[in-house]
Amino acid sequence: MLTLHGKLVFLRALEPEDLELLFEVENNEEFWEVSATSVPFSRYVLKQYLENSHRDIYEVRQLRLVICDNSAEAVGLIDIFDFDPRNRRAALGILIINRKNRKKGYGTEALDLICKYCFTHLGLHQVYANVGSDNASSRLLFEKAGFLLTARKKDWNLVEGEYKDEITYQLIN
């Protein structure tokens, strides 16, 4: 069974050629709220990250994959992080970079593929995602994928001077 290939997208490891893609994404302030980032990254730092991206998930506790469409164009990124093999769980994060590629099913299929990967290859019992309560697109994506809303953290994130709730979605295998 191929777990990283779907009908619309496939997931692949990071390559050195992804430096400009990462530079664009990590330095785009529009994405900082969803990635809990507040500072830009240099090409030097991102190059070092790429050079170490081959390290085992059991060692670094995270894995970032590139979401590619059938023409092999990178359309997004999907992350496994806070990987906890002892308790057999991990957090997930997903980003479809360009608005023109949203609402085409890429995110839905990529999320399905990464969940299958987590359950099949990593033997996880559950995956979860933390989403801003006002992020309707992400909420719909996780709900469509069968994740259940299990928690609301009130006033969890300070964004542009305003506190926002964060909600947790879980999918148990």
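This passage walks through a strand and its neighbours, then some aromatic pairs, salt bridges and one threonine.

The model is predicted, and local features need pLDDT of at least 70, side-chain atom pairs count only at pLDDT 80 or more, and totals for chains, interfaces and linings use all residues. Residues are numbered from 1 along each chain as its sequence is written, and side-chain values use heavy atoms, with hydrogens and water left out.

Let's start with strand β2, which covers residues 63-69. Helices (H or I, at least four residues) and strands (E, at least two) are DSSP runs, numbered from the N terminus. Seven of the seven residues in β2 are buried, so the strand is largely enclosed by the rest of the structure. Here, buried means under 20% relative accessible area, exposed means over 50%, and partly exposed is in between (1.4 Å probe, protein chains only). The cover reaches both faces of β2: on one side Leu63, Leu65, Ile67 and Asp69 are buried, and on the other Arg64, Val66 and Cys68 are too.

What does β2 pair with? One partner is strand β1 (residues 9-13), in the antiparallel sense over five bridges. Two strands pair if DSSP finds at least two bridges between them. Within this pairing, Arg12 has Val66 of β2 as its bridge partner. Strand β3 (residues 74-84) also pairs with β2 in the antiparallel sense, over six bridges. Across that pairing, Leu63 stands opposite Ile80 of β3. β2 and β3 make a hairpin with four residues between them, and Ala72 in the turn has a positive phi of about 75°.

A salt bridge is a side-chain nitrogen of Lys or Arg within 4 Å of a carboxyl oxygen of Asp or Glu. Both Arg64 and Asp79 are buried. Together with Glu26, Arg64 and Asp79 are linked in a network of salt bridges.

On to the rings. A search of the whole structure turns up three aromatic pairs. Rings of Phe, Tyr and Trp (its six-membered ring) pair if their centres lie within 6.5 Å; planes under 30 degrees apart count as stacked, over 60 as edge-to-face and the rest as tilted. Tyr58 and Phe83 have ring centres 5.0 Å apart and planes at 80°, so this pair is edge-to-face. Tyr58 sits in helix α4 (residues 57-60) and Phe83 in strand β3, so the pair ties together parts that are 25 residues apart in sequence. Tyr58, at 41% relative accessibility, is partly exposed, whereas Phe83 is buried, at 4%.

Phe142 and Tyr169 form a stacked pair, 6.2 Å centre to centre with 15° between the planes. This pair links distant parts of the chain, 27 residues apart: Phe142 lies in helix α6 (residues 136-144) and Tyr169 in strand β7 (residues 162-172). Both Phe142 and Tyr169 are buried. Ring pairs join Phe142, Phe147 and Tyr169 into a cluster. Elsewhere, Arg43 lies over the face of Phe23, at 3.7 Å from the ring centre. A charge sits over a ring if NZ of Lys or CZ of Arg is within 6 Å of the ring centre and within 35 degrees of the ring normal.

How many salt bridges does the structure hold? The count is 13. In one of them, Asp112 meets Lys116 at 3.1 Å, N to O. Asp112 and Lys116 both lie in helix α5 (residues 106-120), four residues apart, about one turn of the helix. Asp112 is partly exposed at 36% relative accessible area, and Lys116 is partly exposed at 38%. Another salt bridge joins Asp165 and Arg152, with the closest N and O atoms 3.0 Å apart. Asp165 is in strand β7 and Arg152 in strand β6 (residues 148-159), so the pair ties together parts 13 residues apart in sequence. Asp165 is buried, at 12% relative accessibility, while Arg152 is partly exposed, at 42%.

Thr168 is buried, at 11% relative accessibility. Not counting residues up to four places away in sequence, Thr168 touches Tyr128, Ala129, Asn130, Leu148, Leu149, Thr150, Ala151 and Lys153; contact means heavy atoms within 4.5 Å.
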